[in-house]
Amino acid sequence: MSIIQIIAICYAALICIGLPFIIKAHKKDKNIAFEVIAIVFMPLVLLIGGFLLFKTWMQKDKALPVPKKIRNFIKPDSVSVNGQIMSLAEYNIKYNKTLTLKDVYGAKYADTIDENDIRSEESFRTLKVSDDVGSFIDTEFLKIFGEAFLKRDFSNVENLISEDATMVIYDRKTIVGAKNIVDYWKDWLLRCDNDKVIVECEVKKCKWFSLPALQISPKGYVNLYVILEIHNGLITNIMDIPNPIGSIAVGGPDLDWDRLEISRIRNKLSEAIDSKPNHISCIDCSATSETLKWYRVELPMGIHGYVGDISVCPHCDKIVEFIPEIRLRYEEPIPF
Ligand SMILES: [Zn+2]
């Protein structure tokens, strides 16, 4: 609702409440000026307020041209929907429409836009594969996973998962069994579709583990990384990890960082803490997060540093996970 609409509504309300008192007061003086003003202007104000409300209601969920003053700063195929800016393709997917730029802006604007600048609906439904992902069995499995996500058809995926496979939903729970795992994702996608959340998928390299991962990006929410453990040609464990781990506000190390080396931080580990279930397993030996060693740690990294929890595999002597919880700022930089 715009400022003008709010002012008009408030104005109408004030007149409605205040006018009877004013009229009553002026009747005593036999002055009819206010009655005249009320009769002439009050319906007009109410009409304007009503019209603006009706206009707001009519424009709900409609794709409108982006205001001219911000068009130079955004992509030319953008539209404004309920005050939010999104591409027209995204709008068409979310609201199940088939509008063109011409429908929203008119031919005069649409004809000036280069076709290459118009994102297609297909581009949101196409699995992206990064060049640096490498050729692993994980890559092929993740491509099938990603396609299943985008097509909402998991019939090919269920056969790739071991009957007794596990899936760790980060910091929440562990699901057991191929059917339960597939049902979880079907339900997850159904909720996204019901809430009109667009989900994009990309097979990319998770730098932290130097492994291929499926990045699932629900628009407006934190990205997820899906990482697989595969044995004898079947998926035995799936990890569903938010990226970044921990709060976005804290920032710092995430799964797109190079993995920290234990040799560089061993002397910074302080007291051991309770192990955390439903966290990341050791990628090298499959030890679950409950069986890893967990520590509180402060990691200076120059002028900034992080305090958080870290897990170390006792079998492989490697860092598995770091969860930054507090961001520090030092007076003088402390090298890592
Ligand atoms: Zn290990």
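Here's a quick briefing on how this chain is put together. The model is a predicted one, and the chain carries 10 helices and 12 strands. With a radius of gyration of 29 Å, well over the 20 Å that the globule rule gives for 336 residues, the chain is more spread out than a compact globule. Along its principal axes, the C-alpha trace spans about 95 × 50 × 40 Å.

**Overall packing**
- Buried residues account for 24% of the 336 residues in the chain.
- Take the contacts between residues at least 6 apart in sequence: 51% of them join residues at least 24 apart.

**The cores**
- The largest nonpolar core has 47 residues, and those with the most contacts inside it are Leu 214, Tyr 225, Val 226, Ile 227, Ile 238 and Ile 241.
- Strand E11 gives this core its largest share, seven residues.
- Domain 3 (125-243) and domain 4 (262-334) each supply at least three residues to this core.
- Another core, of 10 residues, lies apart from it; Val 66, Ala 89, Leu 101 and Val 104 are among its members.
- As background, nonpolar side chains tend to be buried together in soluble globular proteins.
- Leaving out residues up to four places away in sequence, Val 226 touches Phe 145, Ala 213, Leu 214, Ile 216, Ile 238 and Asp 240.

**Helix H7**
- Helix H7 covers residues 137-151, and at 1.5 Å a residue its 15 residues should span 21 Å; the end C-alpha atoms are 21 Å apart, so the two agree.
- Buried in H7 are Asp 138, Thr 139, Phe 141, Leu 142, Phe 145, Gly 146, Ala 148 and Phe 149.
- An α-helix has 3.6 residues a turn, so residues three or four places apart point the same way.
- The cover over the buried residues of H7 includes helices H8 (155-158) and H9 (178-194), plus strands E6 (199-206), E7 (211-218), E8 (223-231) and E9 (234-243).
- Phe 145 is one of the buried residues of H7, and Phe 145 is also touched by Val 226.
- Just after H7, Arg 152 takes a positive phi of about 60°.

**Strands E10, E11 and E12**
- Strand E10 (residues 269-273) runs antiparallel to strand E11 (residues 293-313), and three bridges join them.
- Ala 272 has Tyr 295 in E11 as its bridge partner.
- On to the next pairing: E11 and strand E12 (residues 318-334) are antiparallel too, over 11 bridges.
- Opposite Tyr 306 stands Arg 327 in E12.
- The hairpin of E11 and E12 has four residues between the strands, and in it Asp 317 takes a positive phi near 55°.

Terms used
Residues are numbered from 1 along each chain as its sequence is written. This is a predicted model: local features need pLDDT of at least 70, side-chain atom pairs count only at pLDDT 80 or more; totals for chains, interfaces and linings use all residues. Helices (H or I, at least four residues) and strands (E, at least two) are DSSP runs, numbered from the N terminus. The expected span of a helix is 1.5 Å times one less than its number of residues. A residue is buried if 20 or more other C-beta atoms lie within 10 Å of its own, exposed if 12 or fewer, and partly exposed in between; C-beta atoms are placed from the backbone. Two residues are in contact if their C-beta atoms, placed from the backbone, lie within 7 Å. Two strands pair if DSSP finds at least two bridges between them. A nonpolar core is a set of buried Ala, Val, Leu, Ile, Met, Phe, Trp, Tyr and Cys residues joined through C-beta atoms within 7 Å. Domain bounds come from an automatic or database domain assignment. The radius of gyration is taken over C-alpha atoms; the globule rule is 2.2 Å times the number of residues to the power 0.38.
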